[in-house]
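Here is a short report on one protein chain. Look over the sequence and the model before reading on.

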Amino acid sequence: LAVLESEQGAAARRILARIFPQIREGGMHMARKLRRMCVQADTQGDGALPARSFAGVLSWTGIRLLDREVFTLLELLEREEGSETVDYRRFFALMAPPLGDVRGAIVGDAYAALRDAAAGGLVEVDDLRRRWDPRCHPEVQRGSLTASEAMDEFLRQWDVSSHDAVVSEEEFRDYYQDISMAVENNEIFVEVVRRGWGL
């Protein structure tokens, strides 16, 4: 991105360097919640939000942007010149690139194990509930969240209307792509997935 190499890009990098850690500090599911809020606010379904709306979503996490910071981010994330819309998909892609080989492999192993154990090979939300170990959650390990609270939070992450709804491998990978934004270290990410699914 040429803009990242410009003076304006350097200013945008400084803003992102402040924002991304704050999102990560919000917990394992904060980035996912933010991304889903952006998707819900995206009435056109094109991956873009008015800059002020995007700033409003960030403010939900306690991240307040000055007007000049909104303008600076717009320089980096504007969907089309002059549109004053932020490409929020690009924002989250900058926070965490696609799952690499190491992370992608362990997520694939976890889904394969779920599919192998599921009735008819169809993974349902109930399978997730029965198999997921909330002790993998970093906040449970720190004692700031109970296992029951972590389980409730985990089950709320799935866009399904009933416990027998099927969770596709794409949806499963999508979930862990969001978790990847919160967990920067590969070894910790792999351990979270392994412990979560007993691999």
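What percentage of the 199 residues of the chain count as buried? The figure is 47%, where buried means under 20% relative accessible area with a 1.4 Å probe, protein chains only.

## Basis

This is a predicted model, in which local features need pLDDT of at least 70, side-chain atom pairs count only at pLDDT 80 or more, and totals for chains, interfaces and linings use all residues. Residues are numbered from 1 along each chain as its sequence is written, and side-chain values use heavy atoms, leaving out hydrogens and water.

## Overall fold

The chain has twelve helices and two strands. Both are DSSP runs numbered from the N terminus: helices are H or I with at least four residues, strands are E with at least two. Their order is α-α-α-β-α-α-β-α-α-α-α-α-α-α.

The C-alpha atoms fill a box of roughly 55 × 35 × 30 Å along the principal axes.

## Nonpolar cores

A nonpolar core is a set of buried Ala, Val, Leu, Ile, Met, Phe, Trp, Tyr and Cys residues joined through side-chain atoms within 4.5 Å. The largest has 31 residues. L128, W132, F154, F172, Y176 and W197 touch the most other members. Helix 7 (101–117), helix 8 (125–131), helix 10 (147–155), helix 11 (169–182) and helix 12 (186–197) each give two or more residues to this core.

A second, separate core has 30 residues, including I23, V70, L77 and Y88.

Terms used:
Buried < 20%, exposed > 50% of the residue type's maximum accessible area, 1.4 Å probe, protein only.
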